[in-house]
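Hi,

Here's the structure I promised to pass along. Have a look at it first, and my notes on helix packing and salt bridges follow below.

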Amino acid sequence: MNNEGEAMFIGIDVGGTTIKYGVILKNGEIVKKGQMPTIHEKEGFLQSITALIKSLQQEAIVDGVGISAPGIIQKDGTMITAGSIKSLYGINLKQEIEERVKLPVMVENDANAAAIAEKWLGHAQNCENYLCLVVGTGIGGGIIVNDQLYRGSHGMAGEFGWMLIDSLPDQGNLETVSLNQRAAVVGGLCHQYQLALQQLGRSDFPQDAVEIFQRGAQGEVVANQVLAQFFQDLSVGLLNLISTFDPELILIGGGISENDEFMARLEENLCQLKARHESIGYLEGRTIAPIRRAKLKNDAGMIGAVYQLINQRRK
């Protein structure tokens, strides 16, 4: 990294399986990046993040660390939840890391960070009101209203995956009919396909969502049935969000958004539902927001977290 004298920041994007990281300049350019496995035990997790930061400090003068992570995160860096990383529930991640590395740290929800990154360097630069959905293990969202990130009273705004989209079961967990379990990639598509195979006594479970698309393309009936329901459920969720927020634009992020077939089928399904909804159908082409693939892809979390840190330092 030959950027002597220039302000540099470390961006860290925590996922349930992998932690992505980068060294980022003040203009958002990533000059180095990599990834490592996520440790789910608290002390091991904190030690791995600390070691990463100290290692990168050997290569560059670092002015601060921006961390994007799953879950409900308060402004002070307290993790009310942390997605699948249960050991982080309740800790103040900002404080824990600052004490270890002696640098300013900003911690932001991953979907919020992705939305902010798109405003800075992505497809939302000219938008004041937009939504960003991160479709992955679950479905998270970032809400930008009047050019400001909307967090809600407790940092919980944007948990779009909790929305219920179907008839409620008579008993048990209502989240079985939530977007997370019907229209996310891992918790939704892969989960529903596995349930369908189990009912048929099959155990040839796919490695990932891409394999489900491949089986569908090869004409497998079960895969195509599950995919059809998946796209309908996700489209229903998007229609609900359009009706609630009246955004200028909805950006779709997460690894699956890089799949051209996914985006094409989602747009097709959404168009079909809009045409069948009398009120929305009338407004199509007038006020109904388009959907678009997020620009910054897997780098959005770390870029958005660093931008929040830069903004905080300016104040």
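This is a predicted model: local features need pLDDT of at least 70, side-chain atom pairs count only at pLDDT 80 or more; totals for chains, interfaces and linings use all residues.

The crossing of H6 past H7 is left-handed. On the H6 side, the contact uses Ile 212, Phe 213, Arg 215 and Gly 216, while H7 brings Ala 223, Asn 224, Leu 227 and Phe 231. By type, that contact has 5 nonpolar residues, 2 polar and 1 charged.

Arg 215 turns up again in the salt bridges: Asp 204 is its partner, with the closest N and O atoms 3.6 Å apart. Asp 204 sits in the loop between helix H5 and H6, so the pair ties together parts that are 11 residues apart in sequence. Arg 215 is buried, at 11% relative accessible area, whereas Asp 204 is partly exposed at 33%.

Over the whole structure, the search gives 17 salt bridges. One of them joins Glu 59 to Lys 32, again with 3.6 Å between the closest N and O atoms. Glu 59 is in the loop between helix H1 and strand E4, and Lys 32 is in strand E3, so this pair links parts 27 residues apart in sequence.

Arg 100 and Glu 96 pair up too, at 2.8 Å. They both lie in helix H2, 4 residues or about one turn apart.

Cheers

Technical notes: Residues are numbered from 1 along each chain as its sequence is written. Side-chain values use heavy atoms; hydrogens and water are left out. A crossing is left-handed if the near helix is turned anticlockwise from the far one by less than a right angle, and right-handed if clockwise. Helices (H or I, at least four residues) and strands (E, at least two) are DSSP runs, numbered from the N terminus. Contact means heavy atoms within 4.5 Å. Ala, Val, Leu, Ile, Met, Phe, Trp, Tyr, Cys and Pro count as nonpolar, Asp, Glu, Lys and Arg as charged, and the others, Gly among them, as polar. A salt bridge is a side-chain nitrogen of Lys or Arg within 4 Å of a carboxyl oxygen of Asp or Glu. Buried means under 20% relative accessible area, exposed over 50%, partly exposed in between (1.4 Å probe, protein chains only).
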